[in-house]
Amino acid sequence: MITLYIALPLAVVLLLNLSPRRTANALSLWCGLVLTVFAGAYTLAMPHVPGLADAFDPANRVLQWKIEAGNLAGVMFLSIALVVFSAFWVGRYLIADSNRRFIFNNLLLLCMTGMNGIVLSNDLFTLYVFLEVVAASSFILIALERTNAGLEGAFKYVLLSAVATVLVLSSMALIFVLVGSLDYGTVKAVLTSGQLDAATSRFVTFAIGLFVVGLFIKGGMVPFHGWLPDAYSSAPTASSVLLGGIVTKAAGVFTLIQLAQNVFGWDKPSPVLLAVGTLSIAVGAFAALGQRNFKRMLAYSSISQIGYIIIGLGAANEVAVVGAILHLFNHSTFKTLLFVNSAAVEKQAGTVDMDKLGGLANKMPVTGFTSVLAMLSTAGVPPLSGFWSKLLIVLGVWLSGAHAVAVTAILLSVVTLAYFLSMQRRVFFGRLAPGLEGVKEAGGWLLVPEIVLAVITLGLGLTMPWFFNTFLVPLRSLWSL
Amino acid sequence: MLSLGTILLILLVLMVLSALWAVMATDLLRSTIALALTSVFLAIAIYMMGAPLAAVFELSVCAGLITVVFISAISMIKPEGNTRKEDLARKRRKRLKKYIPLPILLAVAGVLLWLNRVDLPFTPDADVFPLTLSEIMWDVRRVDIAGQAVMILVGVFGIVVLFKEFVRRGKGGEE
């Protein structure tokens with residue numbers, strides 16, 4: 001019943017909007033939470049044999065849809081459910097107006113539908129439709145509070161997303177002309193058959209180039225990252241949790257991994273991906289060093305961390321790709337955790353300007369402690385989960401022969417640690433900033449996602465030797481090398 | 001009699017010109033009309049290239065429906081106060097300077113493509129696609145239709161978020 005991943009959230013949205021408004025307002029949060037917990041549990045219980053899960057799926061007969069959901073899809077479903085789950089709690093905590101919160105909850109569910117659709121598609125045009133669903137719901141989530149900054153951030157995102165759409169669509173048109181189909185399997189069979197003449201393969205390369213640049217824009221990779229810091233920092237924090245946690249990863253990075261493997265058939269190290277990845281790591285890390293705004297710093301940090309995923313993909317060997325996928329999951333947990341922490345700070349202290357904050361660790365012990373965990377994990381300090389994924393990525397990149405990239409990645413990890421330590425010092429440690437004497441720990445609505453995400457970050461790191469065999473080795477089958 | 005290539009070239013030039021007009025116009029209404037005109041030229045070009053159904057969609061949705069939506073939106077908002085003629089002329093000159101590289105770039109790209117004629121090796125035609133439009137839409141592309149439905153839902157929420165309070169204020173506080 002894999003179709004449930006898109007059918008259930010959609011059904012919940014429809015039901016909520018058909019029921020009386022007062023009931024729906026109260027129910028939307030709980031429906032969403034139950035749904036995300038169910039999605040997560042279902043993913044964990046899903047049999048890890050591709051094809052088996054949907055053999056008897058009646059929904060597929062209705063939708064006429066051949067679905068392929070392997071282990072990579074499982075990782076994505078889990079990350080999506082986890083981040084949307086956290087975003088529901090943060091929305092409940094931060095959005096005061098109950099009508100607006102109702103719309104926020106609905107948009108979260110629709111965005112979840114779109115992301116699950118991206119994961120499930122095995123046709124380029126279907127992928128495009130769901131990419132647009134995710135993009136459109138993100139525009140609205142950014143502009144939700146209709147502040148000037150929010151509208152500006154949303155507008156920038158709309159413009160760059162339109163450019164990405166033009167590139168992706170042109171590429172699809174070219175591929176359709178050359179291949180006569182947009183089905184992943186058919187396109188891959190033609191592209192990797194080796195029977196294309198020189199002129200055609202030039203067009204193929206051009207088409208793939210357009211597609212990849214479109215996805216770079218969607219994923220906020222340097223040098224196409226202009227929209228990302230504005231969008232993340234100007235969005236309401238509840239929306240930033242979703243955007244920073246999963247949206248760019250589902251729309252840009254996951255799609256790139258999926259296409260590289262299932263459509264373009266890349267099996268050699270790619271200098272372009274390695275270069276873009278390294279550039280993203282460097283630019284993101286150095287830009288994060290100079291930020292005053294907590295959320296903006298997290299946005300630049302996201303660019304930098306996504307760079308690690310891209311170099312893992314660019315190295316194109318099992319170790320690196322498994323590391324990249326693991327980092328994708330890890331990053332969605334600890335970056336979500338950091339955004340949730342920023343939500344707590346914003347609500348309790350009234351600002352996210354790091355120069356006006358300080359010494360909050362005593363006042364907000366849980367938020368302070370979980371943010372230390374998350375930042376150490378981001379910087380790749382053992383034994384937290386981020387350490388393992390970065391280790392695998394760097395090992396894989398080294399094995400692929402790109403030694404300079406591997407060394408740069410390690411060195412830039414130190415910069416990550418530097419900007420996060422500076423963040424900790426300015427927000428949580430040191431002397432209490434004037435005017436913050438009355439600050440209290442955030443309420444239960446935020447403590448739940450904080451604790452859940454922190455437990456995953458710590459737990460996954462400690463149990464990695466076990467996970468390595470049960471969770472990561474099966475992933476290897478994705479990448480038939 | 002003009003050849004198909006020449007007609008298409010003329011249509012494309014007209015399309016670019018009306019698109020530029022849409023960007024340059026200082027009046028929202030004219031800009032909308034220019035945009036509709038762009039779609040009309042594109043629809044004719046698509047029709048000439050042998051895709052009548054795509055042309056119908058382009059004409060009815062992009063030239064028709066969207067123009068109606070834009071014009072009704074424009075009629076609901078007040079035009080800006082500053083509409084002195086010399087101001088408008090200055091604004092237009094400023095925009096002209098800003099956008100002048102665009103047509104030049106397009107023209108150069110067009111000439112280059114014209115000189116290096118692109119012969120794509122394979123063009124799908126009726127033999128490869130024996131399906132009718134309705135079969136493609138309702139059978140092959142059923143999931144995408146479902147995706148479109150989600151997209152429309154997102155749009156509805158977007159309108160509620162972005163415009164609902166404007167309407168409330170416009171009606172003097174009542175919902």
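This is a short walk through a predicted model with chains A and B, from the contact between the chains to a few backbone details.

I start with where the chains meet. On one side, 23 residues of chain B take part, and they are in contact with 30 residues of chain A. Helix α7 of chain B, residues 142-170, supplies the largest share of the chain B side, with 16 residues. Sorted by class, that side of chain B has 15 nonpolar, five polar and three charged residues.

Next, a helix pair within chain A. Two packed helices are described by the angle between their axes and the distance between the axes. Here the pair is α7, residues 148-179, and α9, residues 198-219, both of chain A; the angle is about 155° and the axes are 8 Å apart. Angles over 145 degrees count as roughly antiparallel, so α7(A) is roughly antiparallel to α9(A). The crossing of α7(A) past α9(A) is left-handed. From α7(A), the residues making the contact include A:L160, A:V163 and A:L167, and from α9(A) they include A:F203, A:A207 and A:L210. By class, this contact has 16 nonpolar, four polar and one charged residues.

Now the nonpolar cores. The largest has 180 residues, and A:V134 and A:L242 have the most contacts inside it. Helix α4 of chain A, residues 71-94, gives the largest share of this core, 18 residues. What does A:V134 touch, leaving aside its neighbours within four places in sequence? A:V134 is in contact with A:C111, A:G114, A:M115, A:I118, A:V247, A:A250 and A:A251. Another core lies apart from the largest one; it has eight residues, among them B:L35, B:A36, B:V40 and B:F41.

Last, the backbone of some chain A loops. The peptide bond from A:V222 to A:P223 is cis, with omega near 5°, and A:P223 sits in the loop between α9 and α10. The bond from A:P382 to A:P383 is also cis, with omega near 5°; A:P383 belongs to the loop between α16 and α17.

A:R146 has phi near 55° and is in the loop between α6 and α7 of chain A. A:A316 has phi near 55° and is in the loop between α13 and α14 of chain A. Are these residues buried or exposed? A:R146 has 14 C-beta neighbours inside 10 Å, so it counts as partly exposed. A:A316 has 22 inside 10 Å, so A:A316 counts as buried.

Methods: Residues are numbered from 1 along each chain as its sequence is written. Chains are lettered from A and ligands numbered from 1 in the order in which they are written. This is a predicted model: local features need pLDDT of at least 70, side-chain atom pairs count only at pLDDT 80 or more; totals for chains, interfaces and linings use all residues. Two residues are in contact if their C-beta atoms, placed from the backbone, lie within 7 Å. Helices (H or I, at least four residues) and strands (E, at least two) are DSSP runs, numbered from the N terminus. Ala, Val, Leu, Ile, Met, Phe, Trp, Tyr, Cys and Pro count as nonpolar, Asp, Glu, Lys and Arg as charged, and the others, Gly among them, as polar. Axes are lines fitted to C-alpha atoms, for helices over the stretch in contact, and angles run from 0 to 180 degrees between N-to-C directions. Angles under 35 degrees count as roughly parallel, over 145 as roughly antiparallel, 65 to 115 as roughly perpendicular and the rest as oblique. A crossing is left-handed if the near helix is turned anticlockwise from the far one by less than a right angle, and right-handed if clockwise. A nonpolar core is a set of buried Ala, Val, Leu, Ile, Met, Phe, Trp, Tyr and Cys residues joined through C-beta atoms within 7 Å. A residue is buried if 20 or more other C-beta atoms lie within 10 Å of its own, exposed if 12 or fewer, and partly exposed in between; C-beta atoms are placed from the backbone.
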